Amino acid sequence: DKRPAFLEVCAVTKRYGGLVALDACTLAIATGGITGLIGPNGAGKTTLLNVMTGLVRPDTGSVRLSGVDITALPVHRFAEKGVARTFQIVRELGSLTVFENLLLAPRHQSGEGVVAALFGRRKWWAQEHANAVRARALLERIGLWHLADQPSSGLSGGQKKLLDIARALLLEPRLILLDEPGAGVSPPLKLEMIRLVRELRAEGVTFGIVEHDMHLIGELCDHVHVMAEGRLLVSGPFEQVSRDPRVVEAYLGAA
Ligand code: ATP
C-alpha cells in the first residue's frame, strides 16, 4: 500500500502476563481508505484497536498519527486528534433514551467538568445546544430519529451499532475504527451500515475495520491486513489475501 499512512503502529508489543497479544506489530491505516483488519480469534485485533486509540499503552513500540509520535498522549487527546472508535460490545449508558445516549457521549468521553471549566457557563450552554442539534442530525442520518425518545436498551443489535457510530461521529473524527460492526446485525441494517461507511468515506473519513464477516470486509475494504499471533501476516486487496495459502493456514491452524 503506497498511500500515506494516517495512523501507524511501529513495532508495537503488548504483553498480558506471559501472553504476547501484540508481537512487534507494524502496520498502517492509509489516509482516505477503508482498511480491514482480519485474522483468527486471539490474533490481537482488538488489542491493536485499543493501542491505536490510546486505551491501552504498548510495552514497546510507537503509535504515529500522520507521522507524529502520539504514543504517550492520554486517551482523550487521541480523540481530540480525530481518532474515534466503536466497540465490539456496544457500551450502554444505563437506561437513557437513544437521544440522551448521543447527547451524553462527548461528556462521557471528555469529562463534563473539564468542558464546563474550559468554556465557562455561557459557552457551555451554547455548546450544549450545538450538541443537541448535531445529535438530531446524526439520528436522522442513521435512520433512528423516530426512536429518539425510546430507551436505548430496546434497540436491536444493529441499531445499537449504528448508534455507536453516530456517537463516534459527534467528535467529527478523521479516522473511525470499527470493532466488529457486523456482529449481531440483521441483513437490512448491514446494508445500512455499508451505505453509511461508504458515504462517510466519500466525505473524507478514513476507516479501519476489525471484522470476522468476510462479506462485509469484501464489500467495504480497499485494503486488508491479516493478523496472526500478534503480528501482521499478509496485506493486500481482499481477493488477493483471501487466496493466500499463509492466510488459509493461519485460519485453519486457529480453528
Ligand atoms: P477476537 O477475534 O476473538 O476478538 P482478537 O484478534 O481481537 O480476537 P485480542 O482480543 O486482541 O484478539 O486478544 C489477543 C490475545 O490477548 C488473546 O489471547 C487475549 O486473550 C489476550 N488479551 C487481550 N486483552 C487482554 C487483557 N486485558 N488481559 C489478558 N489478556 C488479554
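A polar contact here is a pair of N or O atoms within 3.5 Å; within protein, one must be able to donate a hydrogen and the other to accept it, and residues adjacent in sequence count only if both atoms are side-chain atoms. Keep in mind that this is a predicted model, where local features need pLDDT of at least 70 and side-chain atom pairs count only at pLDDT 80 or more, while totals for chains, interfaces and linings use all residues. Residues are numbered from 1 along each chain as its sequence is written, and side-chain values use heavy atoms, with hydrogens and water left out.

Let's start at the ligand. The side chain of Thr47 has an N or O atom 2.6 Å from a ligand oxygen. For Lys45, an N or O atom of the side chain sits 2.7 Å from an oxygen of the ligand. Thr46 uses its backbone instead: a polar atom there is 2.9 Å from a ligand oxygen.

Step back and you'll find 14 residues around the ligand, each with a heavy atom within 4 Å of it. Among the closest are Gly42 and His212.

Now for the rings. Rings of Phe, Tyr and Trp (its six-membered ring) pair if their centres lie within 6.5 Å; planes under 30 degrees apart are stacked, over 60 edge-to-face, and the rest tilted. That rule finds one aromatic pair. Phe99 and Trp145 have ring centres 5.9 Å apart and planes at 80°, so they are edge-to-face.

Charges can meet rings too: NZ of Lys or CZ of Arg must be within 6 Å of the ring centre and within 35 degrees of the ring normal. Lys14 lies over the face of Tyr16, 5.4 Å from the ring centre, and Arg85 has its charged end over the ring of Phe87, at 4.1 Å from the centre.
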